[in-house]
Every structure is written in structure tokens, then in C-alpha cells.
Amino acid sequence: MHPFILVVVLVLALSNLTEMNTNAIVVLSMFVGSVVIVLFCHKQVGSVAKILEKGVNNGIGATVMAAAILGFSGVLQSEELCQIRVHLQTHYKVDNGLESRTGLKYA
């Protein structure tokens with residue numbers, strides 16, 4: 001059986017037969033397909049260690065970039081929320097209870 005067909009069949013079978021998370025099903029199916037490729041095509045694949053090393057080295061940059069973007073967006077969201085709280089408290093005299101509970105003041 002071709003590994004790509006195996007991955008599709010596994011995704012469909014696990015989706016219908018189990019209550020697993022969809023992301024977990026896809027990752028597990030792709031892992032099984034990768035193992036099948038390595039087992040049955042190891043002569044054509046060559047050195048698996050070199051391929052894994054190159055894949056990890058190529059993936060590190062993308063992973064760091066994605067983490068930086070997600071982290072920075074979290075900072076922006078918290079900054080926007082803080083500005084909204086300051087605006088509400090200064091212009092509309094709205095107290096969300098945080099100041100009275102903690103003693104922290106925004107403005």
C-alpha cells in the first residue's frame with residue numbers, strides 16, 4: 001500500500017471509529033506514514049539521520065518565527081486591554097473591581 005494512501009485511510013478510519021482529537025489523528029497518521037516510508041523505502045531514502053537533521057534544522061527557524069509572532073500578538077492584546085481599562089476608568093469612572101481588590105491603579 002502506498003504510504004500516502006495509508007495516511008488518508010488512517011485519518012478516515014480513526015475519525016470514524018474513535019473519539020480522538022482531529023489534530024491528534026492527523027499527526028498520528030502522518031507519523032505512521034513516515035515510519036512506513038522509512039521501513040519500506042530505506043534504501044531509496046538513504047541516511048535517515050541526515051534527513052532528520054536537515055528537517056530539524058529547517059524547521060527550527062519557522063518554529064521560532066511562529067512563536068515570536070504568537071508571543072508578540074499576546075503582548076499587543078494585553079496592551080490593548082490595559083488601554084481600554086484605563087480609558088473606561090478615566091472617562092467613564094468604571095471600576096472593574098480590580099482596583100478595589102488589589103489596590104492597583106491604572107492612571
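Biologist: What share of the contacts in the protein chain with a separation of 6 or more comes from residues 24 or more positions apart?
Modeller: This is a predicted model, where local features need pLDDT of at least 70, side-chain atom pairs count only at pLDDT 80 or more, and totals for chains, interfaces and linings use all residues. Residues are numbered from 1 along each chain as its sequence is written, and side-chain values use heavy atoms, with hydrogens and water left out. A contact means heavy atoms within 4.5 Å. Of the contacts with a separation of 6 or more, the share from residues 24 or more positions apart is 19%.

Biologist: Is S29 buried or exposed?
Modeller: S29 sits in helix α2, residues 22-40. Buried means under 20% relative accessible area, exposed over 50%, partly exposed in between (1.4 Å probe, protein chains only). S29 has 0% relative accessibility, so S29 counts as buried.

Biologist: Which residues is S29 in contact with, leaving aside neighbours within four places in sequence?
Modeller: S29 belongs to helix α2. With those neighbours set aside, its contacts are V7, L10, V11 and L14.

Biologist: And F31, buried or exposed?
Modeller: F31 is also found in helix α2. Its relative accessibility is 53%, so F31 counts as exposed.

Key:
Helix = DSSP H or I, 4+ residues; strand = E, 2+ residues; numbered from the N terminus.
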